[in-house]
Every structure is written in C-alpha cells, then in structure tokens.
Amino acid sequence: MTALLSTRNVETYYGPIMAIGGVSIDVPEGKIVCVLGANGAGKTTLLKTISGAIDCRKGQVLFRGEEVQNRNPDAVAACGIAHVPEGREVFPFMSVEENLIVGAWGRSDKDAVARDMEAVYQYFPDLATKRHDMAGFLSGGQQQMLAIGRGLMGDASLMILDEPSLGLSPLLTQMIFGIVRRINRERGITILLVEQNAVAALDLADHGYVMEVGRIVMDAPTSELRESDDIREFYLGKSDEGIRGEKRWKKRKTWR
C-alpha cells in the first residue's frame, strides 16, 4: 500500500541531546496509524519534526514522495499536513469562528471554506452553539474539538494528532475518537496519532508503532499489537503472570 507519509532514519536533537534516533515509519494513505510510548519516548518530537516545528539533523521526511524535512511549518502545512498539537493551543482571545478561519489561511475558495466550516459544526455541534464565544472560555473537551476543527479547515490530506485525549474524561475521549474515525472514513483524511491511551488508540488505528527512548522498537497491525504479551502487560495493564514485567520482560522476542 502506498505510503502518504514516510520518515527515513530521522534523528532530531535538542542541543547536544538526541531526542529521536533512526526513526522510520510509514503512514499509508487513507489509514489511521498510532504511535505508542511512555512520556519522554520521543513521540511529540517525531510529530514536530514531521510538521517542521523542529528541524531534524539527519534523515528524511517524505510526503507524497517529496522531501519536506526542515521546511518552515507554514510550507509543510501548505503541502497538506495539519498538526493538532498537544495541549490544544487554541487562540484564547479569539472566537471559535475566528480560530476556524485561522485554520483556513492560504485558501482562496471562500465557498469551500464555508462548506468546511459547516462540516466542522456538524462534527462538533457544541462549537456551533458557541461560535461567537472566546475560545479561552471553552471547556477542555470543547477546546480539543476546536483544535481538531481548525486542523480540518486547512483542507489537509494528513492530520497528525498529539495526545487528543489528554485531560479528557473517558466519555469525551470515546466521543473524540469516534469523530476522528468518521473524519477518516467520510473525508478520506489519513491520520497519524500519538496517544498514551493505548486501549483507545489500538481500537482506533489500523497499524501501530511503539517508541522507547527515541527509537521504534516494534511495529505491527494493531490487531497483532493487542495480542502481544508485551503490549498487553506494559501498555494495556493486562498480565497472566501475576507479577508485572518480571517474566515477560525476559521474553521480549517480538521487540527489535
């Protein structure tokens, strides 16, 4: 299957410290791919490298076969990549509608922009009722809806989502992930998802990668990851051994 996005042996540093090293992933067009890992594993750094927020020192980021690494974020966005960052980062003193309009920067077809805005309001009815409210007064869940909606306004073919469930209740998480699935199926937008809620991410995605200390240590279809002993124990909290990690850690045959 053709990869819409690929990274090849990407290395990204913060000063002298390597944050990710030799990271290679493929995101097939039309699919949902998740990246799992503990805090500090390098997941957010990977997304920022893809979107141009951070430059990589080595390797390639390929979008539709074209190198986009180390371009400015606005140039990467113009290629068709929308980044919904961790922590939402909406503009608090702008209205919901103004935030959405910012997401459509660079688009000249006003009719298409208007249609996409109405589509956002259909996906997120809460935003429609608050379209003139300041974004800073929205709840955390509504701000996450707005961040995703703003990403949709860019008419992107790839959306990268960084921890969309962060700080949300289980019910809101389920709702947000359901809408992400609809966006993927109804609009054909490819999704790259970083998420600590492994249960939700594996239920949503088609394929998954696992990062540890800045490197990819495992990748497989999510149906296989769910059945992996290591994933079940260390990410899903399920163990048949009774003692977390003591025996299974010695049998990591499926890990690179």
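Which residue in β9 does Val 35 stand opposite? In this structure, Val 35 stands opposite Tyr 209 in β9. I will come back to that pair after some ground rules.

This is a predicted model, in which local features need pLDDT of at least 70 and side-chain atom pairs count only at pLDDT 80 or more, while totals for chains, interfaces and linings use all residues. Residues are numbered from 1 along each chain as its sequence is written, and side-chain values use heavy atoms, with hydrogens and water left out.

Next, the names. Helices (H or I, at least four residues) and strands (E, at least two) are DSSP runs, numbered from the N terminus. Two strands pair if DSSP finds at least two bridges between them.

Strand β3, residues 32-36, runs parallel to strand β9, residues 207-212, and four bridges join them. They belong to an open sheet of six strands, ordered β6-β7-β8-β3-β9-β10, with mixed pairing. β6 and β10 (215-221) are at the edges with a single partner strand each, so one side of each has no neighbour in the sheet. On average, neighbouring strands here are turned by 15° against each other, direction ignored. For angles, axes are lines fitted to C-alpha atoms, for helices over the stretch in contact, and the values run from 0 to 180 degrees between N-to-C directions.

Two helices go with this sheet. α1 packs on it, touching β3, β6, β7 (158-162), β8 (190-194) and β9, and its direction makes about 150° with that of β7. Contact means heavy atoms within 4.5 Å. Helix α7, residues 170-187, lies across β3, β7 and β8, and runs at about 150° to β8.

Now the other sheet. Four strands form an open sheet in the order β2-β1-β4-β5, and the pairing is antiparallel. Its edge strands are β2 (17-28) and β5 (66-67), each pairing on one side only. Strand β1, residues 3-14, is joined to β2 by eight bridges, and Thr 12 stands opposite Ile 20 in β2. β1 also pairs with β4, over five bridges; there Ser 6 has Leu 62 as its bridge partner. On to β5: Leu 62 stands opposite Glu 67. β4 and β5 form a hairpin with two residues between them, and Arg 64 in the turn has a positive phi of about 55°.

Next, a helix pair. α3 and α6 pack at an angle of about 35°, their axes 7 Å apart. Val 96, Asn 99, Leu 100 and Gly 103 in α3 meet Leu 146, Gly 149 and Arg 150 in α6.

The largest pocket has a volume of about 780 Å³. On a 1 Å grid over the protein atoms alone, a pocket is an open set of points where a 1.4 Å probe fits, with protein on both sides within 12 Å along at least five of seven lines; lining residues have an atom within 4 Å of a point. Points are joined across faces, edges and corners, and the volume is the space filled by probe spheres set on them. Of the 30 lining residues, the closest to the centre are Ala 77, Ile 81, Ala 82, His 83 and Trp 105. α1 (43-51), α2 (73-79), β6 (81-84), α3 (96-103) and α6 (140-152) each supply at least two residues of the lining.
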